[in-house]
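Biologist: Please take a close look at one helix and what surrounds it. Then carry on to whatever else is worth a look.

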Amino acid sequence: MLKELMNKKDIDRALTRIAHEIIEKNKGIKKLCLVGIQRGGVHLAGRISSKIRQIEKKVTPVGSLDIAFYRDDLNIRKEQPLVRRTEVPFEITDFKIILVDDVLFTGRSIRAAMDALTDLGRPAAIQLVVLIDRGHRELPIKADYVGKNIPTALSETVEVQLKEEGFEDRVILMKAAGEEEQGA
Amino acid sequence: MLNKKDLLGIKELSAEEITLILDTAGGFRDVLGRDIKKVPTLRGKTTVNLFFEPSTRTRTSFELAAKRLSTDVINFSVPTSSVVKGESLIDTALTVQALGADFIIIRHSSSGVPHLLAKKLRASVINAGDGINEHPTQALLDAFTIREKKGTIKGLHIAIVGDIAHSRVAKSNIYSLIKLGARVRLIGPPTLIPAEIADMNVKVFHKIEEGLKGADVLMTLRIQMERQDKGFFPSTEEYSKNWGLTPDRVALAKEDAIVMHPGPMNRGIEIVSEIADGPRSVILEQVTNGIAVRMAVMYLLSGYRR
Amino acid sequence: MKILITQGHIIDPSQGIDGTGDIYIEGGKIKEIRVRNREQRTEGKEQRGKSKERRSGEEAREIQTIDARGLTVFPGFVDMHVHLREPGFEYKETIRTGTLAAIKGGFTTVCCMPNTNPVNDHASVTEFIMRKAAQEGYCAVLPIGAITKGQKGRELAEIGTMKHEGCIAFSDDGQPVMNSLMMRRALEYSKAFNVPVISHCEDLTLSEGGVMNEGLISVTRGLRGIPAEAEMIMVFRDILLAELTGGKLHIAHVSTEGSVDLVRYAKKRGIQVTAETCPHYFSLTEKAVEAYDANAKVNPPLRTERDIEAIKRGLQDGTIEVIATDHAPHHADEKLREFDQAPSGISGLETALGLSLRLVDEKVLTLPQLIEKMTLNPSKIMGIRAGTLNRGSDADIVIVDREKEYTVSPEQFASKGKNTPFSGWELRGLPVFTLSRGKLHEW
C-alpha cells in the first residue's frame with residue numbers, strides 16, 4: 001500500500017520555512033554552509049541554498065557528503081552502498097554546517113555524516129535539517145529543523161522522491177504487504 | 001555491487017564492473033586529497049601482502065591503500081628461489097589466512113597462482129601481478145587516469161608500446177581498454193607481440209611512427225633487459241632506436257595526447273627523460289591514482305556476501 | 001584353476017574373431033576358444049571334443065563359470081607407454097599400484113618407461129623392475145630401456161645387455177634425444193637387436209619454458225606456449241633418420257595434426273615408422289587448462305579441436321596404429337603447485353577404455369579396430385606375445401560391460417596418481433572382470 005505524505009507544494013513550503021528558520025536561528029548566514037548527504041540530502045541542500053539566496057541575496061556554499069566509508073553496517077548490509085562523491089570545496093573549520101538529509105530514522109546515517117565531517121575539518125557547529133522525521137531513533141540525535149514529523153511503523157518505508165532524480169516531487173509511505181493485513 | 005570475493009584479472013570483469021570500480025575509486029581519490037587521508041571503512045580487517053616476487057612499488061601502494069581504509073597490514077615476503085624449496089604455495093597461503101587475513105594481496109612469478117589460491121581460501125584474493133598473465137589493479141589505475149584526463153575512454157586511440165608478450169600490465173590494459181570501448185594499438189617488434197593477439201580486436205604495428213599517429217594515449221612498457229639474451233631483440237640500443245618514446249615520435253600523436261608508463265622506467269631506453277618529465281606525462285598521477293583504485297577494489301570486495 | 005567364460009561377445013583382432021562364444025582357461029592359459037555365430041574356430045574338433053568330455057566329468061564343479069551374456073570379451077589390453085615410477089618415485093606410483101590400476105582398466109600388459117630414479121639405463125635396473133614385477137605385479141610388466149645413459153642424450157646405454165635382461169624397446173621418453181647424431185646411432189645400433197626406438201618428439205629449444213599449447217589461450221592465460229612445430233620438427237627429423245638408417249621408429253604420444261600428416265607421408269614412402277596417440281589427445285583441447293587446472297597439464301600439451309580431428313582421421317586410416325595411455329601418475333601435492341611448476345602428466349590407465357570407446361560411438365573406429373589398436377598392434381610393434389586370445393597364450397582377458405555408465409572419480413582409482421582432467425566425466429564401458437595370466441579379478 002502506498003500513501004502520499006507530502007506533495008510538491010508541501011515540500012516547497014516546508015523548505016521555505018526551514019530556510020527562514022535557519023536564517024533566524026543563526027542571525028543571518030555569516031560563516032554558514034550547507035552540506036547535503038548523498039543522495040536526497042544533496043538536492044534538498046541545493047534547494048534550501050537557493051531559498052536562502054532569495055531571502056538574503058547572498059550565496060551560501062553548498063557541499064555534498066557521501067557517508068559510505070563511515071557507515072557502521074558495512075558488514076551486515078545485504079547490499080553494499082554505492083560510493084558517491086564527497087564534494088566540500090570549501091574550508092569547514094570554524095564554519096557552522098547545516099547538514100541536510102531527506103529522512104531521519106535511526107540516526108546512524110547522521111552519526112556517520114558527523115564523523116565524515118570532522119575528518120574534513122573542525123566545524124564551529126553542526127545543525128541538522130531533515131525533510132521527514134519518522135522516529136525510531138537508535139542514537140541520541142535530534143534534528144534542528146524538520147519539514148514534517150511522521151510517526152511510522154518499523155516495517156514501513158518512507159521514500160522522498162525528487163525531480164532531480166527524475167520523479168515528481170513527493171514523499172510516500174509504503175507498507176509491507178504482509179503488515180497491511182495484520183494491521184487490519 | 002561487485003559481489004565478487006576476489007579480483008583475479010580484468011578478463012573476469014565486465015565493462016559495468018570496471019566502471020563501478022573506477023567510479024568508486026573517485027570517492028577514494030577525494031579522500032586522498034584531504035588532510036586526513038584515512039577513512040574507517042574497513043577497520044578491524046586484516047590485509048596481508050603475500051609477495052612471492054619482490055616489488056616495492058606495488059606492495060607499498062597496496063599497503064597504503066589498506067592502511068587508509070583502516071585495515072591492519074602485514075607484509076609477508078616469501079623468497080622464491082627454486083633451489084630452496086620450502087613450504088608449498090598452498091600451505092603458505094593457508095597459514096596467512098589462519099593469521100586472520102581478510103584480504104590477501106598476491107604477487108607471484110607464475111601465472112594463475114591467485115586463481116589457484118582463490119579457490120582454496122575464504123579470504124579475498126587480489127591479484128597484484130601473476131607471471132605474464134595479468135596485473136589488474138595497474139590496468140584499473142591506468143583506466144582511471146585516462147578517464148580523469150580525457151573524460152571518457154570510449155573511442156580513444158590508445159597505443160601500447162613494448163614487450164606485449166611478457167607484460168601482464170599490457171594484457172590487463174588490453175582487456176580493460178577494449179571492454180571500455182577504446183581502440184587499442186600494440187606497437188613493438190614481432191618477437192614481443194604474439195601473433196595470436198591480433199584476434200583480440202587490436203591493431204598491431206611494428207613501426208612505432210605508424211602506430212602513434214593520431215593517438216590519444218601513449219603507454220610505454222618497461223623493457224626487461226634479460227629479453228635481449230633470449231633473442232627477442234639484439235640490443236637495448238637497437239630497441240630504443242626503433243621503439244623508444246622520443247619527442248619526435250610523441251609529436252605524431254594528438255596534440256593533447258598523454259604519456260603513461262607503469263614504472264619503473266628505464267630512462268633512455270623505452271622512454272627519454274624529456275617525455276617522461278614533460279607536460280604530457282601523467283606518470284606520477286598514475287602512482288597516486290593507484291592507491292585510490294586499490295582502495296576501491298578492497299572496498300568493493302568487502303561487500304561480497306556468500 | 002579352471003575358468004569358463006560363456007556366451008560373451010568375443011572380439012580378438014589377432015584371429016579375426018568377432019562373435020559370441022566361449023573361452024576355456026586352464027593353468028593360466030587359454031585352452032580353447034569357440035565362437036558360435038561365425039565359423040571362426042582356432043582349434044580342431046578333436047581337441048575341443050576332448051576338453052568338453054573332460055569338463056562334463058566330475059571336475060566340472062571345479063570349473064568357475066563366468067556367464068558373459070551381454071558382455072564383451074577382449075584380449076587383455078596392451079599399453080606400450082606407461083610410467084610406473086618405481087624405482088625412485090614410489091610416492092607417485094609403484095609397480096604394485098600401477099599394475100593394479102592397469103588390470104582395473106582392462107590392461108594386462110604394460111610397457112614401462114625408463115625415466116625412474118635411477119633411470120632404467122642399465123641391466124641392473126631392468127633386473128630390479130622385472131623382479132619387482134614378478135613379485136608384486138598384477139600383470140605383465142615389460143620394461144623399456146633408456147636410449148642414452150641417464151637419458152642425458154650423450155652416450156648410448158647398453159641396449160643389447162638390457163634387451164637380454166628383458167627390455168623390449170628403447171626410449172628416452174620424458175626427454176627427446178636432442179642430438180641428431182645420437183638419434184641416428186640409436187636407430188642404427190638398435191637394428192642389431194631388432195628393437196624399436198620410441199621417440200618422444202619435442203624440440204626442447206622451441207618448447208623451452210612452455211607449459212601448454214601455443215595459441216590465443218596461452219596468450220590470454222599468460223602461460224608460455226609450446227608450438228605444434230616443436231613436436232613436428234622432431235617427428236620429421238626422426239622419420240628422416242629412420243629412412244636413413246632403416247631402424248624401427250615408433251613415435252610416442254602424437255598430439256598434432258602436422259605430426260599425423262608427417263607420419264602418413266613417411267608410411268607412404270615406405271619408411272618403417274609406427275605411431276601412437278593417447279586418449280587425452282582425442283578427448284580434450286587446450287581449453288582444459290584455461291582455469292589453470294594442472295591436472296590437464298601434460299607433455300606434449302593438449303592441442304586444438306583441429307588437432308583432435310586430425311588424430312581421429314589418423315586413427316581411422318591407420319596412420320596411428322596404437323592407443324597408449326602415457327599413464328603418468330603424480331602426487332596430488334605436486335599437481336597443486338603453481339601451474340608452470342606442476343609436473344606434466346595424466347593418470348590414464350583407468351579412463352583409457354571409457355574414453356576410447358567414445359571413438360566407437362562417434363563411428364571413428366569400429367570396435368574391432370579400436371581393440372586392435374589396444375592389443376594386437378602394440379604387441380606387433382613391441383614384438384611380444386600378448387594381446388591375443390590365441391590358444392596356448394596367457395589367459396590375459398578383459399570382460400567389459402559396454403553399457404555400464406559411470407562417473408570418473410579419481411578417489412576410486414587404484415593408481416596412486418589421482419591426476420586426471422576427466423574427473424566427473426560420464427563415460428560408458430567398464431571392465432567387470434580381468435583375467436591376468438589366468439588369475440581372475442572381479443570389479
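Modeller: In this predicted model, the buried residues of H2(C) pack against several elements of chain C. Four of these are strands: E6 (77-82), E7 (107-112), E8 (140-145) and E17 (426-436) are among them. Strand E18 (439-442) and helix H3 (123-136) also take part. H2 of chain C spans residues 95-104 and is mostly covered, with nine of its ten residues buried. The buried ones are Ile95(C), Thr97(C), Gly98(C), Thr99(C), Leu100(C), Ala101(C), Ala102(C), Ile103(C) and Lys104(C). After H2(C) comes Gly106(C). Its phi is positive, near 100 degrees.

Chain C also has a helix pair. H8 (residues 228-245) and H9 (residues 257-268) of chain C pack with their axes 9 Å apart, at an angle of about 15 degrees. Angles under 35 degrees count as roughly parallel, so H8(C) is roughly parallel to H9(C). Their crossing is right-handed. H8(C) brings Ala228(C), Glu231(C), Met232(C), Val235(C), Phe236(C) and Ile239(C) to the contact. H9(C) answers with Gly258(C), Ser259(C), Leu262(C), Val263(C) and Ala266(C). By class, the residues of this contact are eight nonpolar, two polar and one charged.

Now to the contact between chains A and B. Chain A gives 13 residues and chain B gives 14 residues. On the side of chain B that touches chain A, helix H1 (15-32) and helix H11 (283-302) of chain B each supply at least two residues. H1(B) has the largest share, four residues. That side of chain B divides into five nonpolar, six polar and three charged residues.

Definitions and conventions
Residues are numbered from 1 along each chain as its sequence is written. Chains are lettered from A and ligands numbered from 1 in the order in which they are written. This is a predicted model: local features need pLDDT of at least 70, side-chain atom pairs count only at pLDDT 80 or more; totals for chains, interfaces and linings use all residues. Two residues are in contact if their C-beta atoms, placed from the backbone, lie within 7 Å. Ala, Val, Leu, Ile, Met, Phe, Trp, Tyr, Cys and Pro count as nonpolar, Asp, Glu, Lys and Arg as charged, and the others, Gly among them, as polar. A residue is buried if 20 or more other C-beta atoms lie within 10 Å of its own, exposed if 12 or fewer, and partly exposed in between; C-beta atoms are placed from the backbone. Axes are lines fitted to C-alpha atoms, for helices over the stretch in contact, and angles run from 0 to 180 degrees between N-to-C directions. Angles under 35 degrees count as roughly parallel, over 145 as roughly antiparallel, 65 to 115 as roughly perpendicular and the rest as oblique. A crossing is left-handed if the near helix is turned anticlockwise from the far one by less than a right angle, and right-handed if clockwise.
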